[in-house]
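Good morning, and thank you for the time.

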Amino acid sequence: MADWGIVDHRLALKAPFVQTAGALVAVALTLGGCTQDDASTDATTTAEPVAAQETAVAAALPDAATLSSDAPAELALMASQQLFESAPTVVLVGAEDDDALELVGAVATEVAGPVLVLDGAIGSSAVRTELERLGARTAVVVGAVDPAEVVDGSAGEVEVISVRATDAAGVPTGVAEVARLLSEVPDTGEPTLADESLVLTDPEDDVDHRAALATARAAGAVPLDVPGGDPRASDETIGVLRQAQALSVVALGDSFADSDDLAEQVRAASTGVELPGGGMVLTDGRRFVGLYGTRISPSLGALGQQDTDASIERARRVAESTVPGADDVVPTLELLVTVASPAPGADGNHANEQDPQAVLEFAERARKAGQYVVLAVQPGSATFVEQLRAYDDALALPNVGVSLETEWRFVDSSSPALSGTIPTGEVSDVVDHLRDVVRTGALPQKLLVIRDSAPSAVVDPAQLPDATEVGVVIAGPAGREPDLEEWGAETGVEPMWGATRWLQGADVPAAELGDEEQPTYVVYR
């Protein structure tokens, strides 16, 4: 009999306005280039203006900071505020001058100063305030923009030097010409750059981050494209972060996680520890196919019908035969570690627990074989987290996830009656626990399977927390297709097809696995 399910890889990325995480020791930098295009008049700073400096000096940098705005001018202003403590020379550019915006990177690097955008969504007063905070004494104006409203009202005298973006024939100004045109800029000494920092941008983001990126590059930060905004999602990004071991990372745009989550993602990616099959994120393209059962009883599934090594080999064959020739299939072992029982047992929780050390050894051997292990928990009358804590050593491995068998919940310790209903808070506790395990060990994302889950199985599922550390699979009960629209309406997520616990010898879902809407998680009992 087949169990159909749905899949929701909950990879929600949260990006608040500006947040920082884990501040490092202050690093003196010479920074260049901060632009602003569209930003609100609220994007001002309350910091006191600094005295004019001979060289640019960076602010104290956090280990990770996400600068998030859908307005390019505001994003640029935020970059200046985040990266610069002072800058004697700044770059000004018009919000709609595309030729000038293409040039500001070279100009900002040459003068080691941030870029600010005029005529954008932020007002002149916000730009003027930033000039005063930086202690700017020279403004390099790129393109045809009038800086009078900003410069004339600034405290202290600001010299204006103009750099044309194109010549009379419309040919863009070259780098060599930029250097010549900037010969009038006062010498402010040799800057100290942030040569151990990275600036992350998402090439798929629609927001124009050229000005903000110019600021970060002028500060010495090395640019790195992160498609989708998750540094764990690309083998290339993981490789760069592992090799760079950057002291600080600044991300530009709202496709990135908030600063706290970004810090954890970067820390995990920097370890280079990946999931079986590569990568650190349980993406939609990865499929888990394998066996279910417990090591100690053949009656409870395929994993009890042979020893560990034979189970690993059998799971490999099943995965390969189910989806022949596919390179995105991960052999999977769903290991039942707590078995519900009508009898309360010595601890009174109506569940028989497997030896945690034996489970750890099983998971370690599976890891060496490149396979994923899912610890299946039948809670009895205990909570899921109470059961899981005994297996934290196994969960600390990068190839181990969790399956919650909600249908095996007893009403209480005195009654053998099954309820099959789980409070949202209990599942949330599991998500929080897995998040803590991932963060403590700087691990890849953890797989969480919630079984027998029509929306009614978990009370108020819309309250389940989003966690970038956890990818969630929703598996429907045997013989019934889950209502995808109902689950999506209840949870606020867009589910995908999944299939779980097919019986050996049954008509396996090979055809469905080849469809466009393919299941992500399939195990055979």
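The buried residues of helix α6 are A211, A212, L213, A214, T215, A216 and A218, where buried means under 20% relative accessible area, exposed over 50% and partly exposed in between, with a 1.4 Å probe and protein chains only. Before I continue, please note that this is a predicted model, in which local features need pLDDT of at least 70, side-chain atom pairs count only at pLDDT 80 or more, and totals for chains, interfaces and linings use all residues. Residues are numbered from 1 along each chain as its sequence is written, and side-chain values use heavy atoms, with hydrogens and water left out.

Helices (H or I, at least four residues) and strands (E, at least two) are DSSP runs numbered from the N terminus. Helix α6 covers residues 210-218, and because 7 of its 9 residues are buried, it is largely enclosed by the rest of the structure. After α6 comes G220, with a positive phi near 100°.

I turn now to the cavities. On a 1 Å grid over the protein atoms alone, a cavity is a set of points where a 1.4 Å probe fits but cannot get out, and its lining residues have an atom within 4 Å of a point. Grid points are joined across faces, edges and corners, and a volume is the space filled by probe spheres set on the points. How many cavities of 30 Å³ or more does the structure hold? There are 3.

The largest cavity has about 50 Å³ of space. Its lining consists of R232, E264, Q265, A268, V438, R439, A442, L443, T468 and E469. By class, the lining of the largest cavity has 4 nonpolar, 2 polar and 4 charged residues. Here Ala, Val, Leu, Ile, Met, Phe, Trp, Tyr, Cys and Pro count as nonpolar, Asp, Glu, Lys and Arg as charged, and the others, Gly among them, as polar. At least three lining residues come from each of domain 1 (63-271) and domain 2 (287-506 + 514-524), with bounds from an automatic or database domain assignment.

The second largest cavity holds about 40 Å³ of space. Among its lining residues are L61, L83, A194, S197, L198 and A216, and A216 is also one of the buried residues of α6. Strands β10 (197-201) and β12 (248-252) supply at least two lining residues each. By class, this lining has 8 nonpolar, 2 polar and no charged residues.

Q387 lies in helix α11 (residues 384-388) and counts as buried because its relative accessibility is 4%. What does the side chain of Q387 reach at 3.3 Å? It reaches the backbone oxygen of P379. Beyond neighbours within four places in sequence, Q387 is in contact (heavy atoms within 4.5 Å) with residues including T338, N349, E353 and P379.

F410 belongs to strand β18 (residues 410-412) and is buried, at a relative accessible area of 3%.

I122 sits in the loop between β7 (115-118) and α3 (124-134) and counts as buried at 5% relative accessibility. I122 and A71 are 51 residues apart in sequence and 9.1 Å apart, C-alpha to C-alpha.

How values were computed: Polar contact = N/O pair within 3.5 Å; in protein donor to acceptor, adjacent residues only side chain to side chain. 1 Å grid on protein atoms, 1.4 Å probe; cavity = no way out; pocket = protein on both sides within 12 Å on 5 of 7 lines; lining within 4 Å.
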